[in-house]
Amino acid sequence: MSTEAPRGSAGWPLYEVFVRGKRGLNHVHVGSLHAADERMALTNARDLYTRRNEGVSIWVVRSDAITASTPDEKDPFFSPSGDKVYRHPTFYAIPDDVPHI
Amino acid sequence: MTVTDGAGGSDGATALPELSAHFDATIAHDQRIEPRDWMPDGYRATLVRQIAQHAHSEIIGMQPEGEWITKAPSLRRKAILFAKVQDEAGHGLYLYSAAETLGIDRAELTERLLEGRQKYSSIFNYPTLSFADVGVIGWFVDGAAICNQVPLCRSSYGPYARSMVRICKEESFHQRQGYELLLTMMRGTQKQRAQVQDAVDRWWWPSLMMFGPPDDDSPNSAQSMAWKIKRHSNDELRQRFVDMTVPQAERLGVTLPDPELRWNEERGRHDFGTPDFTELMRVIKGDGPCNAQRMARRTKAHQDGAWVREAAAAHAAKQTAHQQEGSAA
């Protein structure tokens, strides 16, 4: 991944935008935008991503502040969970006549 | 997102044939390619070109209708038009955001547009002569855009597909406001009905050209479809648009200006005439009625906004410096 500060429109950094759709839901990534500072990033995010009441709360975070795993699904990073089928409820055979389980 | 920018996965650790096989398998399984996945250079270049052209079209597309904001006949129509033009700006920005995940900066894309190295849709090089044009643009141009864009919601490149989902939701308002505007005018005076028919006559063929050249003359289509960037051919989408629009025209009470247009019982679809593709090529090359005007205005807006961009950056730098002084003290 790029660790250098994103080049930007007139040197404005890139921000990632996360929106909470309504109370009770997580913030979800919706896209990115350039802004001169955090306040502008927030107001621009409101204008760009919530024109139709899509959100009750917005987070903006500079793209270069995010640390990410590599995207490959075969990445060894995720292998610790790959072979542990016993972590899933379907691993356990329970007779059909046992109720409520 | 640029976090996921660039060439992750192609750092030399994995051999090219393996990366390529993994990419092909992802496409074959109808899974999405995400920004940091390895992808062929051609795939990346095709996406940058297509997404940038799409983004530029949204931004230039603000102009033909924007002209009517101050001349809209009522406060209601003015508010609707404002919201629509604002949406076009938003669509452009969603798409620039998607393009940036491919490792290109949007300032660079703007530069390429202004230098004429990247194109926008030919449709926006036609003039809006009466307020009926605003309605017909919503009905035809946004209708055609919906035909084109709904399949793109399943495009193989994740960020592009996700942008299209947002855009399609909003295009529906665009098309409906246009059709409703026309219904209203058709209930008006004889002169208003004539204006609607005139706008239909002028916009019909350019709208059909929006789907691009015919399949046997569309050099990039086959590869784009193999990569599942595109899901349907130009001619198939054009046919869908005609089939969708004919009954709407009947209901509205206007005539589509094509003597060859008729229902084909056997095919279960409409037969229709061939758009003048030499006109399409001419307009794409820059010789449409409004090409020069559109580019001049876009360039002026960019230049006029330069001091705002610079001032905001200077202000931000100053604030940061103040904060650093504060924390040092």
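**Note on the predicted two-chain model**

1. A polar contact of 2.6 Å joins the side chain of B:Asn125 to that of B:Tyr120. This is a predicted model, and the values in this note should be read accordingly. B:Asn125 sits in the loop that runs between helix 5 (106-114) and helix 6 (131-149) of chain B. Its relative accessibility is 1%, so B:Asn125 counts as buried, the limit for that class being under 20%. When neighbours within four places in sequence are set aside, the contacts of B:Asn125 are B:Tyr120, B:Val283, B:Gly288, B:Pro289, B:Cys290, B:Asn291 and B:Arg294.

2. B:Thr101 is placed in the loop between helix 4 (75-100) and helix 5 of chain B, and with a relative accessible area of 2% B:Thr101 is buried. The side chain of B:Thr101 makes a polar contact of 2.6 Å with the side chain of B:Tyr157.

3. The largest nonpolar core has 47 residues, and those with the most contacts inside it are B:Trp139, B:Phe140, B:Val196, B:Val200, B:Trp203, B:Phe241 and B:Val254. At least two residues of this core come from each of helix 4, helix 6, helix 7 (158-186), helix 8 (190-209), helix 10 (234-252) and helix 11 (277-284) of chain B, and helix 6 of chain B gives the most, with 10 residues. As general background, nonpolar side chains tend to be buried together in soluble globular proteins.

4. Leaving out neighbours within four places in sequence, B:Val254 is in contact with B:Trp139, B:Met186, B:Val196, B:Gln197, B:Val200 and B:Ala249.

5. Which residues of chain A make a nonpolar surface patch? A:Val85, A:Tyr86, A:Phe91, A:Tyr92, A:Ile94, A:Val98 and A:Ile101 do so, over about 720 Å². A:Ile101 lies in the segment after helix 2 (79-82) of chain A, and A:Ile101 is exposed, its relative accessible area being 75%.

6. The count of salt bridges over all chains comes to 27. In general terms, side chains of opposite charge can pair when their charged atoms come close. In chain A, the side chains of A:Asp83 and A:Lys84 meet in a salt bridge with an N to O distance of 3.2 Å, and A:Asp83, at 55% relative accessibility, counts as exposed.

7. In chain B, B:Lys84 takes part in a salt bridge with B:Glu65, at 2.6 Å from N to O. B:Glu65 lies in helix 3 (residues 62-66) of chain B whereas B:Lys84 lies in helix 4 of chain B, so the pair ties together parts that are 19 residues apart in sequence. Both B:Glu65 and B:Lys84 are buried.

8. B:Lys84 also forms a salt bridge with B:Glu88, for which the closest N and O atoms are 3.4 Å apart. Here both partners, B:Glu88 and B:Lys84, lie in helix 4 of chain B, four residues apart, or about one turn of the helix, and both of them are buried.

9. Finally, a network of salt bridges links residues of both chains, namely A:Arg51, A:Arg52, B:Asp87 and B:Glu170.

How values were computed. Residues are numbered from 1 along each chain as its sequence is written. Chains are lettered from A and ligands numbered from 1 in the order in which they are written. This is a predicted model: local features need pLDDT of at least 70, side-chain atom pairs count only at pLDDT 80 or more; totals for chains, interfaces and linings use all residues. Side-chain values use heavy atoms; hydrogens and water are left out. Buried means under 20% relative accessible area, exposed over 50%, partly exposed in between (1.4 Å probe, protein chains only). A polar contact is a pair of N or O atoms within 3.5 Å; within protein, one must be able to donate a hydrogen and the other to accept it, and residues adjacent in sequence count only if both atoms are side-chain atoms. Contact means heavy atoms within 4.5 Å. Patches are made of residues with over 30% relative accessible area and no salt bridge: like charges are joined within 9 Å, nonpolar side chains (Val, Leu, Ile, Met, Phe, Trp, Tyr) within 5 Å. Accessible areas come from the Shrake-Rupley method with a 1.4 Å probe; for residues, only the protein chains shown count as cover. A salt bridge is a side-chain nitrogen of Lys or Arg within 4 Å of a carboxyl oxygen of Asp or Glu. A nonpolar core is a set of buried Ala, Val, Leu, Ile, Met, Phe, Trp, Tyr and Cys residues joined through side-chain atoms within 4.5 Å.
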